[in-house]
Amino acid sequence: MFCPQCGANNSQEAKFCASCGAQLALAAEPAIKQSAALPTTPKFAGFWFRTLASIIDTVLCQVAVVILVLPLGFALGASMAGTSSLSEIEAAGQGLGFVLGVLIQWLWFTIAESSKWQATIGKKMVGIKVTDENGERIGFGKANARYWSKILSALILFVGFVMVAFTEKKQGLHDKIAGTLVVKVNA
């Protein structure tokens, strides 16, 4: 299917042009039926919406980590009490907390963004979702690539996140690497 805006060739299933982001007419509906009220391009979520969603998710995820890890840490400490020193128990508890914290945060973002919601709780609260470049739901693999690419966005002095404010499709470095967009719902 060719884009009416830029002429790029897209797959028949695509909802948005992979080149310019314009909405494509559905194959089952003639292009004439497309109302002037419908936007021709998706409304990309900007820096501040995404920052707010990130803050909400960070707080909620950390609460979940504490609720899940604290009892496990106490159980680990109690099981080591008779045979280990205090410093060994503290080190084991910190290791457990770190590993489970990373695992829970990874699953929090990856599962939620690849689910039918296409969003974490924070994104859902501010009315945004994650799609692929065709406007479709992303799979677990793409959500996984997006999550781990955020490390690179952070390592370069957070420039990968700041890119959201300055790129045409409001994509951060991690979005460009994973081939994702963050769009407003009902925009």
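Visitor: Where is Q118 found?

Guide: Q118 is found in the loop between α2 and α3, where helices (H or I, at least four residues) and strands (E, at least two) are DSSP runs numbered from the N terminus. This is a predicted model, in which local features need pLDDT of at least 70 and side-chain atom pairs count only at pLDDT 80 or more, while totals for chains, interfaces and linings use all residues. Residues are numbered from 1 along each chain as its sequence is written, and side-chain values use heavy atoms, with hydrogens and water left out.

Visitor: What is the phi of Q118?

Guide: Most residues other than glycine have a negative phi. Q118, although it is not a glycine, has a positive phi of about 60 degrees.

Visitor: Which residue just after α4 takes a positive phi?

Guide: That residue is L157, with a phi of about 60 degrees, and L157 is a residue other than glycine. L157 lies in the loop between α4 and α5, and because its relative accessibility is 74%, L157 counts as exposed.

Visitor: How do I read the packing of two helices, and at what angle do α1 and α2 pack?

Guide: Axes are lines fitted to C-alpha atoms, for helices over the stretch in contact, and the angle between their N-to-C directions runs from 0 to 180 degrees. Helix α1, residues 47-80, and helix α2, residues 86-114, pack at an angle of about 145 degrees, with their axes 9 Å apart. The residues of the contact of α1 with α2 divide into 16 nonpolar, seven polar and two charged, where Ala, Val, Leu, Ile, Met, Phe, Trp, Tyr, Cys and Pro count as nonpolar, Asp, Glu, Lys and Arg as charged, and the others, Gly among them, as polar.

Visitor: How do α2 and α4 cross?

Guide: The axes of α2 and α4 come within 8 Å and cross at roughly 135 degrees. That angle makes α2 oblique to α4, since angles under 35 degrees count as roughly parallel, over 145 as roughly antiparallel, 65 to 115 as roughly perpendicular, and the rest as oblique. The crossing of α2 past α4 is right-handed. On the α2 side the contact (heavy atoms within 4.5 Å) includes W106, F109 and E113, and on the α4 side it includes F140, R146 and Y147. The residues of this contact of α2 with α4 divide into eight nonpolar, four polar and three charged.

Visitor: Which residues of α2 are buried, and what do they pack against?

Guide: The buried residues of α2 are I89, L100, G101, I104, W108, F109, T110, A112, E113 and S114. They pack against α1, α3 (121-126), β1 (128-132) and α4 (140-155). G97 is found in helix α2 as well, but its relative accessible area is 22%, so G97 is partly exposed.

Visitor: How far does α2 reach from its first C-alpha to its last?

Guide: The expected span of a helix is 1.5 Å times one less than its number of residues. With 29 residues, α2 reaches 42 Å from its first C-alpha to its last, close to the 42 Å expected. The 16 residues of α4 should span 22 Å, and its end C-alpha atoms are 24 Å apart, which agrees.

Visitor: Which residues does K123 touch?

Guide: K123 lies in helix α3 and counts as buried because its relative accessibility is 8%. Not counting residues up to four places away in sequence, K123 touches A53, D57, F109, E113, I128, V130 and R146.

Visitor: How many residues apart in sequence are A18 and N134?

Guide: They are 116 residues apart in sequence, and 5.8 Å apart in space, C-alpha to C-alpha. A18 has its place in the segment before α1, and leaving aside its neighbours within four places in sequence, A18 is in contact with N10, E133, N134 and K169. Its relative accessible area is 40%, so A18 is partly exposed.

Notes. Buried < 20%, exposed > 50% of the residue type's maximum accessible area, 1.4 Å probe, protein only. Left-handed = near helix turned anticlockwise from the far one by under 90°.
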